[in-house]
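Visitor: I would like to go through this structure with you. Shall we begin with the aromatic residues?

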Amino acid sequence: MVRSFAAIVGLALVASAHAQLANPGFEDDITTDGPPFVGSWEGFSSGAPNTGVGNSELGPRSGARHAALNIFGDDNSFTGVFQDAPVTAGTMYTFGGWHAAGTSILDVGVEFRIEWRNSGTDTEVSRTLNGTAAPLPGAGYQEFSLTAMAPAGADLARLVYAIQTFGGDGPTNNGSIWLDDMSFVPAPGSLALVGMGGLMMARRRR
């Protein structure tokens with residue numbers, strides 16, 4: 001009975017630290033309707049006329065659709081997607097997915113990051129440095145990832161992927177990035193530590 005209780009506690013703690021994204025393959029529509037941002041991808045952009053993000057069927061890695069982030073000749077512009085996911089402070093998480101160039105000319109900057117937030121105060125606690133794609137993705141899908149620990153005070157992670165044309169990324173400021181099969185999960189080492197913590201708690205109760 002004690003072993004069974006320990007296993008249940010360990011599994012419960014692992015589940016509490018586990019964070020899976022909704023709509024990882026962009027099969028459902030990207031929204032632009034404001035909060036809440038848990039459970040769906042929210043699109044954003046600078047509002048420039050040739051800049052934006054949406055679902056596309058042109059070249060999914062899997063499934064029927066993917067996200068397409070587009071900037072076609074707009075200077076100092078940006079667009080992207082983000083989603084909030086619950087996290088447990090002190091746990092390492094990996095944010096990642098697959099990206100590809102949707103155009104033969106790709107004169108944009110690529111960045112992805114985790115913004116750690118507190119849902120009670122609706123404020124940002126801290127953020128990771130921007131991950132960047134160097135070299136830029138090509139015609140075939142390439143995997144990207146970023147791993148970081150959720151800091152004290154954070155119970156949400158805002159997962160952001162964006163492209164931009166600041167800082168003279170190229171002569172045309174033109175390009176499209178496709179995204180598919182996104183993920184956000186505890187790093188393997190964190191799962192092991194959380195599971196051990198559950199077993200220790202169970203033994204102390206015994």
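**Aromatic residues and the sheet**

Guide: In this predicted model, Phe78 is partly exposed, with a relative accessible area of 31%.

Visitor: And Phe44, what is its relative accessibility?

Guide: Phe44 also counts as partly exposed, at 23%.

Visitor: How many aromatic pairs are there?

Guide: The count comes to eleven aromatic pairs. Phe44 and Phe78 form one that is tilted, with 6.3 Å centre to centre and 40° between the planes.

Visitor: Which parts does the pair of Phe44 and Phe78 tie together?

Guide: Phe44 lies in strand β1 (residues 42-45) and Phe78 in strand β4 (residues 78-86), so the pair links parts that are 34 residues apart in sequence. Phe44 and Phe78 also belong to one aromatic cluster with Phe37, Phe82 and Phe166.

Visitor: What about Tyr93 and Trp116, buried or exposed?

Guide: Both Tyr93 and Trp116 are buried. Tyr93 and Trp116 form a tilted aromatic pair, 6.4 Å centre to centre with 50° between the planes. Tyr93 is in strand β5 and Trp116 in strand β6 (residues 109-118), so this pair ties together parts 23 residues apart in sequence.

Visitor: Changing topic: what is the strand order in the open sheet?

Guide: The five strands follow the order β2-β3-β11-β5-β9, with antiparallel pairing. β2 (51-56) and β9 (142-149) each have a single partner strand, so one side of each is left without a neighbour in the sheet.

Visitor: How many bridges join β5 to β9?

Guide: Eight bridges join β5 (residues 92-101) to β9. Thr94 stands opposite Thr147 in β9.

Visitor: Lastly, which residue lies over the face of Trp98?

Guide: Arg61 does, at 3.7 Å from the ring centre.

Definitions and conventions. Residues are numbered from 1 along each chain as its sequence is written. This is a predicted model: local features need pLDDT of at least 70, side-chain atom pairs count only at pLDDT 80 or more; totals for chains, interfaces and linings use all residues. Side-chain values use heavy atoms; hydrogens and water are left out. Two strands pair if DSSP finds at least two bridges between them. Helices (H or I, at least four residues) and strands (E, at least two) are DSSP runs, numbered from the N terminus. Rings of Phe, Tyr and Trp (its six-membered ring) pair if their centres lie within 6.5 Å; planes under 30 degrees apart count as stacked, over 60 as edge-to-face and the rest as tilted. Buried means under 20% relative accessible area, exposed over 50%, partly exposed in between (1.4 Å probe, protein chains only). A charge sits over a ring if NZ of Lys or CZ of Arg is within 6 Å of the ring centre and within 35 degrees of the ring normal.
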